Amino acid sequence: MASSGAVGGSSHAERVFRVQRAFTQLGGRAHGPGALARAADLDDSTVYRILQSGVHQGIFVREGRGLYRLGSAAPQLGLKALAHSPAPEAAHALLEALRRATGGLAFLYLLAPFGGAHRQCADMAVGDSDLTELGMTPRAVQTVEHSLRVGAAGRAILAYLPETIQSEVLDRPVPAEAGPGAYQDDVRLLASLERIRARGYALGHEECAAGWNECAAPVTWDGLVMGSVLVMKPKRVMTRCPVTVIEAVERTAADLADLGRGRPAGPDGNDSRMK
């Protein structure tokens, strides 16, 4: 059984997401219900029911000897859990509001459920912008934008992951397509993670693309980081990130977390920012 502090009253969506995240935390291909329960801080019977239900949905795949692995439907689960609201458009509406409030480009990233520790873009509000305007090629999107060690969005997630996963990420090289401001030195990168944990947000200067600066905040559920919200603006417009942009990004991250819990988004309901 899991520890006595296992979560019992959390929503079903959150419990499913904890099991999904457990696969990433444990690493490797397949795991049994007991190991997943301990990693997810849930009891064995709850995890077993989630696994059985997930097999029918393609979220999990049953292998021999009582082991399970993530299935092909797993990448969509994070977004469904995050945008757990009457309409999936609710999360996108928050990104659009963030874009209007900051005058930048707004993105939502989720911690990918398999394939190693990396992020994936779940949604964006960019108006008429395209990859050419961002100065990024499709290949760069598949490398730089997936990395947890590059960019404010990646580091905002990485700062709250277990040290074992952080070490795994630091073992990987900086993508060749990264911008001139990317942290090449692991010591400086780790120091930046400490600053993120102290502040609750991350700032990036030309990390993902030359000429673009960033502000990101983690999206969390009760101590578990799920992803991050990012605003990008041209360096010539945002040489230094103003407090108004930081506050808007943090507020949006907290509102998205509240949507994941099935709570109304808004300043009165936010308790999800990590400090």
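Start by selecting glutamate 168, which is partly exposed at a relative accessible area of 31%; buried means under 20%, exposed over 50% and partly exposed in between, with a 1.4 Å probe and protein chains only. The model is predicted: local features need pLDDT of at least 70, side-chain atom pairs count only at pLDDT 80 or more, and totals for chains, interfaces and linings use all residues. Residues are numbered from 1 along each chain as its sequence is written, and side-chain values use heavy atoms, with hydrogens and water left out.

The term requires a side-chain nitrogen of Lys or Arg within 4 Å of a carboxyl oxygen of Asp or Glu. Arginine 172 is partly exposed, at 30% relative accessibility. Over the whole structure, the search finds 6 salt bridges.

Next, select helix 5, residues 89–102, which holds both arginine 99 and glutamate 96. Helices (H or I, at least four residues) and strands (E, at least two) are DSSP runs, numbered from the N terminus. The two residues are 3 apart, about one turn of the helix, and their side chains meet in a salt bridge at 3.1 Å, N to O. Arginine 99 is partly exposed, with a relative accessible area of 27%.

Strand 1 covers residues 60–63, and strand 2 covers residues 67–70. They run antiparallel and are joined by 4 bridges; two strands pair if DSSP finds at least two bridges between them.

Which residues form the covered face of strand 2, and which the uncovered one? Tyr68 and Leu70 are on the covered face, Leu67 and Arg69 on the uncovered one. The side chain of arginine 69 also meets that of glutamate 63 in a salt bridge, 2.8 Å from N to O. Glutamate 63 is partly exposed at 24% relative accessibility, and arginine 69 is partly exposed with a relative accessible area of 24%.

Now show the aromatic side chains. The whole structure contains 2 aromatic pairs. Rings of Phe, Tyr and Trp (its six-membered ring) pair if their centres lie within 6.5 Å; planes under 30 degrees apart count as stacked, over 60 as edge-to-face and the rest as tilted. Phenylalanine 23 and phenylalanine 60 are stacked, because their ring centres are 5.6 Å apart and their planes at 25°. Phenylalanine 23 lies in helix 1 (residues 12–26) and phenylalanine 60 in strand 1, so the pair ties together parts 37 residues apart in sequence. Phenylalanine 23 is buried at 4% relative accessible area, and phenylalanine 60 is buried at 1%.

Then select phenylalanine 107 and tyrosine 109, a stacked pair with centres 6.2 Å apart and planes at 25°. Phenylalanine 107 is buried at 5%, and tyrosine 109 is buried at 2%. What sits over the ring of tyrosine 109? The charged end of arginine 119 does, 4.5 Å from the ring centre; the criterion is NZ of Lys or CZ of Arg within 6 Å of the centre and within 35 degrees of the ring normal.

Finish at helix 8, residues 151–158. Here 8 of the 8 residues are buried, so the helix is largely enclosed by the rest of the structure. Among them are Arg155, Ile157 and Leu158.
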